Amino acid sequence: MPNIRVRGNIRPKISTMPRNNSEASKQLELYKLVTEQQRIQQELVFMEQRVEQLKQRLTVLDSQRNSTEKAIQDLRTVVPSYPKNSTSYQPVVEVSKFQTYYLEY
């Protein structure tokens, strides 16, 4: 079972020096907030797309797994038919459900 790391809260970037309380500093703060919001929204869109891709892949894998399991069941129930009049096939002692044949070259 993979170890899934839980991410903590996203912390805002901290400036080392406090800015003066002016209109320009508030405009800069607003710009930072808007750009971070846009980045997070973009990341959410990418994550939703990735989730859809993963769901589609899971659906394909499910159908492939089911068809493979069905093929395995079919192979278990079908008895192979070999030519009976051929001299190149020589049956060997049967082990379990499988028969082994040696071919002469």
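Modeller: Let's start at Arg39, which counts as partly exposed because its relative accessibility is 43% (buried is under 20% relative accessible area, exposed over 50%, partly exposed in between, with a 1.4 Å probe and protein chains only). Keep in mind that this is a predicted model, where local features need pLDDT of at least 70 and side-chain atom pairs count only at pLDDT 80 or more, while totals for chains, interfaces and linings use all residues. Residues are numbered from 1 along each chain as its sequence is written, and side-chain values use heavy atoms, with hydrogens and water left out.

Arg39 has a salt bridge to Glu36, at 4.0 Å from N to O (the term means a side-chain nitrogen of Lys or Arg within 4 Å of a carboxyl oxygen of Asp or Glu). Arg39 also forms a salt bridge with Glu43, and there the closest N and O atoms are 3.4 Å apart. Put together, Glu36, Arg39 and Glu43 make up a network of salt bridges. As background, side chains of opposite charge can pair when their charged atoms come close.

How does the helix come into this? Arg39 and Glu36 both sit in α1, residues 23–77, three residues apart, about one turn of the helix (helices are DSSP runs of H or I, at least four residues, and strands are runs of E, at least two, numbered from the N terminus). Arg39 and Glu43 are four residues apart in helix α1, so about one helical turn separates them. Glu36 is partly exposed, because its relative accessibility is 27%, and Glu43 is partly exposed too, with a relative accessible area of 34%.

Further along, Asp62 and Arg65 pair up in a salt bridge at 3.2 Å, N to O. They are three residues apart in helix α1, so again about one helical turn lies between them. Asp62 counts as partly exposed at 39% relative accessibility, and Arg65 does at 46%. The structure holds six salt bridges, these among them.

The chain averages 81, with 71% of the residues scoring at least 70. Where pLDDT is low, the predicted coordinates should not be read in detail.

Conventions: pLDDT is the predictor's confidence in each residue, from 0 to 100.
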